[in-house]
Amino acid sequence: MSDLFKARFKAMPPPAEVEEDGEEHSISELSDAPDDDSSSASSISSAGTIMPSPSRSLFARPLGAGRGRGMEQIPWTTYFERELFLEPGESAPGVTYHAYLTSPVGKGPLFVTHHGAGSSGLSFAVLSSEIRKRLPSAGILSPDARGHGSTQTPEGDKADLTLGTLSDDLFNVITLAQQQMKWPELPPIILVGHSLGGAVVTELAKAGKLGTALLGYAVLDVVEGSAMDALQSMQTYLSTRPTGFATLKDGIDWHVRSRTIRNSISARTSVPALLVLDETASDERPWKWRTNLAATQPFWEGWFVGLSKKFLEAKGGKMLLLAGTDRLDTELTIGQMQGKYALQVFPEAGHFIHEDLPEKTAIALVDFHRRNDRSALVLPPKVSELLAQGKRV
């Protein structure tokens, strides 16, 4: 965890100003100043505000997204072909999982994502379009975790957010999506998890429930050491966030101005799912946080204890994407030197790597898939087959 990230709890500077002149601009003009190399966001909360920091002009325009600097909501239909409502029945009574899906084509892979605490499946929306630009046969399944987004559970705000439950939920979503879409078998799967989601996909990979369908798993900007260090400051940070917003646009605007999400196109897509209109609110800020992050405190430590060991031991290809090398703990540093996993660092990004830099993240993930794609393997013929053909061995 960077010193800059720790220092922001002592003195939060004013948010960076963003022009809103109503003119048409390309996405590359949304941020004009050069980047610094700081890694400055929480590995626990995916709704963490990061220190105001300049950003490069690196964002390509997503398919179907409008230009300009307005903060209007971009609908999920811009990026996904359908939404799913999945009921597991007796295995999880009263639960209805909500997920966004673009189906794989032919024998294309399925990228299954899991967001971080306080976020939603739409956190991966812009990334999904960038993946399909580079790998048109790929599918993306992006669920809302329980207690987040539109997933419904009988316990409501008191959802069971233990790591084991979240991992089981993700497995249920995958198998239920297979049933609903009538896939004869699971497609080749790449698991992708951000922050808390990184711990969830690692847990599922370690459990081995996906069998040979799992090609590999990618963890975005979370490691055990830095996450555990940040636990001490989380409640302090949460107390500094606005309790609500006057309008949905204000909520989107705050995420961009505070540099929580450095890509306004992604913010316009993902932020609306983080807020809910409280019509009974008596104040002037009726748009409230959908997920009460402070109430999840009892689960925080359990999410990350043992993460590094499980990440290195689980079967399948492994990739770690970080916003700074300062986040590597000793165990991961040794594992990286031994070549046990692929590591990429994007110092110009904040905690939301996949939202800040969707194009670069997509390139890394597509390359990761190609390196682990078993369908591309050409095995040598068996000796018995060569002899049967009358060939000398």
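Colleague: Hi! Which residues of helix α9 are buried?

Modeller: Hello! This is a predicted model, and in it the buried residues of helix α9, which spans residues 297-304, are F299, W300, W303 and F304.

Colleague: Where do they sit around the helix axis?

Modeller: Looking down the axis of α9, the buried residues fall within an arc of 125°, so they line one face of the helix. As background, an α-helix has 3.6 residues a turn, so residues three or four places apart point the same way.

Colleague: And what covers those buried residues of α9?

Modeller: The cover includes α3, α4, α5 (224-230), α6 (234-238) and α10 (307-313).

Colleague: What about the stretch just after α9, which residue takes a positive phi there?

Modeller: That is G306, with a phi of about 80°.

Colleague: Let me zoom out. How many helices and strands are there in the chain?

Modeller: The chain has 14 helices and 11 strands. It holds 393 residues, and buried residues make up 57% of them.

Colleague: Which residues are linked with them in a network of salt bridges?

Modeller: The network links E130 and R134 with K133 and E359.

Colleague: How many salt bridges does a search of the whole structure find?

Modeller: It finds 13. One of them joins K249 to E72, with the closest N and O atoms 3.6 Å apart.

Colleague: Where in the chain do K249 and E72 lie?

Modeller: K249 is in helix α7 (residues 248-257), and E72 is in the loop between α1 (3-7) and β1 (82-86), so their pairing ties together parts that are 177 residues apart in sequence. K249 counts as partly exposed at 44% relative accessibility, and E72 is partly exposed too, with a relative accessible area of 39%.

Colleague: What does the side chain of D168 meet in a salt bridge?

Modeller: D168 meets K209, at 2.6 Å from N to O. D168 belongs to helix α3 (residues 163-181) and K209 to the loop between α4 (196-207) and β6 (214-220), so this pair ties together parts 41 residues apart in sequence. D168 is partly exposed at 34%, and K209 counts as partly exposed at 40%.

Colleague: On to the strands. In what order do the 3 strands of the open sheet come?

Modeller: The order is β7-β9-β8, and the pairing is antiparallel. The edge strands, β7 (244-245) and β8 (275-277), each pair on one side only.

Colleague: How many bridges join β7 to β9?

Modeller: There are 2, and these strands run antiparallel, with β9 taking in residues 287-289. For F245, the bridge partner in β9 is W287.

Colleague: Last one: do β10 and β11 run parallel or antiparallel?

Modeller: Parallel: strand β10 (residues 317-322) is joined to strand β11 (residues 342-345) by 4 bridges. L320 stands opposite L343 in β11. Together with helix α11 (residues 330-337), β10 and β11 make a right-handed β-α-β unit.

Technical notes:
Residues numbered from 1 in each chain as written. Predicted model: local features only at pLDDT ≥ 70, side-chain atom pairs only at ≥ 80, totals over all residues. Heavy atoms only, no water. Pairing = 2+ DSSP bridges. Salt bridge = Lys/Arg side-chain N within 4 Å of Asp/Glu carboxyl O. Buried < 20%, exposed > 50% of the residue type's maximum accessible area, 1.4 Å probe, protein only. Arc of directions from axis to C-beta. Contact = heavy atoms within 4.5 Å. Right-handed = clockwise from strand over helix to strand, strands pointing away.
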